[in-house]
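Thanks for coming. Please have the sequence and the model open while I talk.

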Amino acid sequence: MTSHQELLRRAEQVLRANDVGGAYTRPSPRLYPHQWNWDSAFAALGWARLDWARAAREIETLLLGQWTNGMVPHIRYNPEVTDYAPGPEWWPDVPVRRPGQITSGITQPYVLASASYRVGMLAPDVPSRREWWLNVYDSLVEALLYFPNHRTTGDSPLIVVVHPWESGLDNSPRWDFATGQGRRPSRPYRRVDTTIVDPSARPTGRDYDLYMYLVELFASSHYDLTNYLRRTPFAVHDALFNAAWYRSALDLNRVAAALGRVPAVRQAALAEFRGAYHRTLWDGAVGLFRDRDVLTGRLIPTDTIAGLMAIYAGLVDAAQAARMLARYGERSRGCLPLPSTLPDQEGFDPVKYWRGPVWVNTNWMLIQGLADLGLHREAAELTTRTVDLVRAAGFHEYFHAYSGQGVGGGDFTWSAALVIDLLHGSGSRLR
Ligand code: 9WN
């Protein structure tokens, strides 16, 4: 059996092989050659244990793509790379702050501020931590506040996600209600992903038709939520996305306190957000949070790992977290922990991307939340199972929900980075 040391060595090799010129870490060598938003946040957590300055740089380069309104896009394109679709031609007139930056027109779950808090905590000494936080703090706050300022509707403080890619869990069956409407973009598009990875493990043609339709729609709405909401079939209050934002808000407030600044988000606003999250997304009958279709006002009746992310955010107490996790475990008996979609759900598929396979990042998020809530036994168990999965199968993008076989892209950055972090004991409190 591979020792911890050997596993760490291999994980480091994956990160170093995916390092593009010391500037950013591509998520996977061929499948994802550009810089992705939440991937870079996770990558930084791995780098922080190997080379702290490199971790800081990962976050700084991602922030180079920031827009004038504060949004940090989901992809920062490398102009030298052309074999990814859709390319930047699908995202016209992006309002980047720095001329020459090329980005997509949507964002991703905002785990970046939480990652920046942790990277800062791992700095070699207190002066370097402070100096680096001072460097990135304003950008991180602007990125955080982009959401309440530009991505809410009506009187809800919850954030509206406008594209399945924004959710980070692209083809989750939660979004099938929209895929099922048969929308298509006006122009032909190409796919590269299915030439690299077995198409049976990737989103379908119908999924991509919707993705590209929504790309056109959001771009032609000038990336403005109000314009977009008038025309779209897809706008959701996503349970994972909103949980990630809340945790980033808490973590940025910790940075603010360390820097002697006023909180990034005030207590009253946090309490209002927490209240709305529970009132809007909790489904007592299933004992999980669900996502809400903003257009109909109804909860989307599909149970996935997103429904557990209140644990990551500290939006539930330890007792509720333990109940939610136990129930998820019972409903996914026979699967490796924790499948991205529960196997009793319509649309579950053990091998297809976000429809069932196990992912390291979602497990990692839950481990952090469990540890913070004092559920150390649960955190330790999930850590062991996650590390063992990767030890047996390699640093794949995702893992077959029953067999654990590695699927999707190989040499996947966040699988390596987060295993490094877990092996350094991140499932125990870092405060
Ligand atoms: C679209 C890079 C990204 C991850 C997402 C994952 C996948 C992209 C794709 O890869 O999405 O953004 O082309 O399928 O779903 O979470 O950030 O690893």
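This is a predicted model: local features need pLDDT of at least 70, side-chain atom pairs count only at pLDDT 80 or more; totals for chains, interfaces and linings use all residues.

Residues are numbered from 1 along each chain as its sequence is written, and side-chain values use heavy atoms, with hydrogens and water left out.

First, the helices, which are DSSP runs of H or I with at least four residues, numbered from the N terminus. The axes of α3 (residues 52–64) and α5 (residues 126–150) come within 11 Å and cross at roughly 15 degrees; axes are lines fitted to C-alpha atoms over the stretch in contact, and angles run from 0 to 180 degrees between N-to-C directions. The two helices are therefore roughly parallel, a label for angles under 35 degrees.

Which residues of α3 meet α5? They are Trp-52, Ala-56, Ile-59, Glu-60 and Leu-63. On the α5 side, the partners include Trp-132 and Val-136. Contact here means heavy atoms within 4.5 Å.

Now the largest pocket, with about 400 Å³ of space. A pocket is an open set of points on a 1 Å grid over the protein atoms alone, where a 1.4 Å probe fits, with protein on both sides within 12 Å along at least five of seven lines; lining residues have an atom within 4 Å of a point. The volume is the space filled by probe spheres set on the points, which are joined across faces, edges and corners. Of its 16 lining residues, the closest to the centre are Leu-325, Gly-329, Pro-337, Leu-338 and Glu-381. Helix α16 gives the largest share of that lining, five residues.

Notes: Angles under 35 degrees count as roughly parallel, over 145 as roughly antiparallel, 65 to 115 as roughly perpendicular and the rest as oblique.
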